[in-house]
Amino acid sequence: MAEPKPQVLKAALWMTGAIASFSSMAVAGREVSGVHDTFEMMLYRSLIGVVIVCVVITLTRRWAEVTTRSMGTQILRNAAHFTGQNLWFYAVALIPLAQVFALEFTTPLWVIVLAPFVLGERLTPLKGLAAVIGFIGILLVARPSPETINIGVITAASSAIFFACTLMLTRKLTRTETIACILFWLTVLQAIMGLVAVGIDGKVTLPNAQTLPWLAVIGFAGLLAHFCITNALAIAPATIVVPFDFARLPVIFVVGAVLYGEELDIWVASGALVIFSAIYLNVWSQTRKIRVA
């Protein structure tokens, strides 16, 4: 009975790394937002990612796994992620960090809604209930009214939809492609998209001594967060990993309060708990189904 505990502890340690990475990326994004626009952040993040991924693939001798057979899906996936990440960085500069994270947590709920159309998965009654509960949580966080709805809330909520599309297309890619292949095209395609996008306004701001360290944090933290989550899910059930991931919310509230003087909004906290309940209900129903089978 006591055997699984070390695995749970290892998963908790991996998720601690993910929480630190996501929080660092949010702070770094806000710190450079006054100098670099979101397209520039994504360009520099992707360029750093290209270097890291290429070095890792070379050291592990996995270049043979990098193929072009699923380029259509790769391009769609990275266009969705590029859009979602730009919206996320834009929201980070405008609204409290805890509110951004709470709205981002609706990503799994959008997967429930969109998966029947994108992946052909069946919408079960429990999944439907989770989606409804999650929508109530969204209303609590956003409190839609002329006074509370602003561009920051809209972009944060929209980023979750694009992140959901990214997750579904990633799931589709994993049926035929390796992680090395997916990560390579993630960094390369988004670097190209960033290069094209930064020229839209006709000017490109190069990193300076103040922003370069923060841009490096964005690049490293972005890859490290997903690496930590993948390792956590590899050794512990999703029902354990998901609650740990939700610890990002109180952590980012403390970070926002200490660094930027942000105050706790009871509506955001309440809505986040409702969203968590919806996500946990869905994860529990899926793992229960697997155990029964």
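Tutor: Contact here means heavy atoms within 4.5 Å. The model is predicted, so local features need pLDDT of at least 70, side-chain atom pairs need 80 or more, and totals for chains, interfaces and linings use all residues. Residues are numbered from 1 along each chain as its sequence is written, and side-chain values use heavy atoms, without hydrogens and water.

Student: OK. Of contacts between residues at least 6 apart in sequence, what share joins residues at least 24 apart?

Tutor: In the protein chain, 90% of them do.

Student: How many helices and strands are there?

Tutor: There are 12 helices and 0 strands. These are DSSP runs numbered from the N terminus: H or I of at least four residues for helices, E of at least two for strands. From the N terminus the order reads α-α-α-α-α-α-α-α-α-α-α-α.

Student: What about overall dimensions?

Tutor: The C-alpha trace spans about 55 × 50 × 40 Å along its principal axes. The radius of gyration is 19 Å, which agrees with a compact globule because 293 residues would give a value near 19 Å. That radius is over C-alpha atoms, and the rule is 2.2 Å times the residue number to the power 0.38.

Student: How much of the chain is buried?

Tutor: Buried residues make up 45% of the 293. Buried is under 20% relative accessible area, exposed over 50%, partly exposed in between, with a 1.4 Å probe and protein chains only.

Student: Which residues have the most contacts inside the largest nonpolar core?

Tutor: Trp 88, Phe 101, Trp 185, Ile 218 and Leu 249. That core has 70 residues. Helix H8, residues 179-198, gives the most to it, with 10. A core is a set of buried Ala, Val, Leu, Ile, Met, Phe, Trp, Tyr and Cys joined through side-chain atoms within 4.5 Å.

Student: And the second core, who's in it?

Tutor: It is separate and has 5 residues, including Ala 115, Leu 119, Ala 164 and Met 168.

Student: Back to Trp 185. What is in contact with it beyond four places in sequence?

Tutor: Val 66, Thr 67, Thr 68, Met 71, Gln 74, Asn 78 and Gln 190.

Student: New topic. Is Ala 221 buried or exposed?

Tutor: Ala 221 counts as buried because its relative accessibility is 7%. Ala 221 sits in helix H9, residues 211-235.

Student: What does Ala 221 touch?

Tutor: Leaving out residues up to four places away, Ala 221 touches Ser 21 and Met 25.

Student: And how far is Ala 18 from Ala 221?

Tutor: Their C-alpha atoms are separated by 8.4 Å, though the two residues are 203 apart along the chain.
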